[in-house]
Amino acid sequence: MRAMTPMARIFGDTMAIVMVAGQSLKPGGQGRFTVSGDQKHVQPCCLVLQGDALMLWQRFRNCAPTEEECALPLVRQMIALGALSLPDCCETRIGSPLRDSDDDLLPITTFDQGALSLWAFQNRIPLTVHLELTRRCNLRCSHCYCLLHNNDELLTTVEMIRIIDDLAAQGTFFVVLTGGEIFARADIFTLLEHLERRQFVVRLNTNGTLLDECRIAALARFTNIYRVHVSLYGSTPAIHDEITGMNGSHALTVRAIEQLVAAGIRIRINCSVTRSNVADLPAIKRDIADRLGVPIHFDSTIFPRDDGETINTDDQLTPEQEAEFSRFRITDRLPDSDAAQPSKPKLCKAGVSFLAICEDGSVYPCLKMKRLAGSPVGNIAAMPFMKLWNEAPQLLSLRASLDERLRQCDICKIAL
């Protein structure tokens, strides 16, 4: 089981700390924050510190509290949250910081990721950004919405690093690296190193075919990669390779999944559900995901291509197959299944606290909106990100429209 590393970013007079699976930072050379249970199913823990809690964290981040200080209720609570380390000499037993019976524990401003998202939404902070690194890919998946090519990258390493710095300055905390295939970029590890220096929490989307033991060992050394999403579309080469258009891709992807698990890197399998593989879903889950102890996410939504072409949607499920898929999700009690639950309204944060940047620097509220938007809201390679985020007419119009709609509802009932 891997320890959870605190990644911190100051936002004005508040600070967000996200615990992510990785090598433990040990302030003062003492203690580490760990979690119970199988690390593969641990979710990042988000909290926000303010006031006295923030001051204590800043004071103790390079020096663990003494035994006497550990007796202070607020310090005890922060240790229990994992924001501070417990010195070896301190035998204070730390219980749950949120029990009602702990009357001696002072209140501390803590939030889960939903509350952090709400805070960013209310303050127009681009908390999460999808960064499309490349349009190059070695596969040609039949359902893919991307317009792929094999040309050189449109943005250089220097330009990408400047974009990362701009995002940090504007308050972005979570970055999803996607493509194309991100490992087709020769500078991928240079970019990952800079993202770690700037204290971003990072998720990677990949097909896994370009990952070998050397690259996986390098990934395992990063402390800010909270999960790697690997695309897999079949339990056998016959099904998977037919969808990807590349013979041998199934073997490469499964090998990468196995090696990522062996390296202790948290991963999730993503499986797009089509007419070609809907009958194979139980085998994918049983023979690969369950065998390796890896969570899997099935999604039957197929988006038209970015240029508006719909040929990639020809393999979309029929109504009868969609019903079969829903029954499978309920029967197997998949963690991502909401088929047995009344659906809750979701607040789309695109353009408000979420953003997408394409491989050429074009900015959209969301990658899925490229086809609908017609044109980007701007280009971060040609305009400072702060100016674009705060002044782009399309973003301002989108926010004004959403604000008007939200005035007519109770935001506390919206699931973030």
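Select strand E6 (residues 201-206), helix H7 (residues 213-220) and strand E7: together they make a right-handed β-α-β unit. Right-handed means that, with the strands pointing away from the viewer, the path from the first strand over the helix to the second runs clockwise. Helices (H or I, at least four residues) and strands (E, at least two) are DSSP runs numbered from the N terminus.

A word on the model: it is predicted, so local features need pLDDT of at least 70 and side-chain atom pairs pLDDT 80 or more, while totals for chains, interfaces and linings use all residues. Residues are numbered from 1 along each chain as its sequence is written, and side-chain values use heavy atoms, leaving out hydrogens and water.

E7 pairs (at least two DSSP bridges) with E6 in the parallel sense over five bridges; look for Asn205 opposite His229. With strand E8 (residues 267-272), E7 pairs in the parallel sense over four bridges, and here Ser231 has Asn270 as its bridge partner.

Next, pick Thr172, in the loop between helix H5 (157-170) and strand E5 (174-178). Thr172 is buried, with a relative accessible area of 0%, and its side chain reaches the backbone oxygen of Pro126 at 2.7 Å.

Finally, show Arg399 and Trp389: the charged end of Arg399 sits over the Trp389 ring, 4.4 Å from its centre (CZ of Arg or NZ of Lys within 6 Å of the centre and within 35 degrees of the ring normal).

Definitions and conventions. Buried < 20%, exposed > 50% of the residue type's maximum accessible area, 1.4 Å probe, protein only. Polar contact = N/O pair within 3.5 Å; in protein donor to acceptor, adjacent residues only side chain to side chain.
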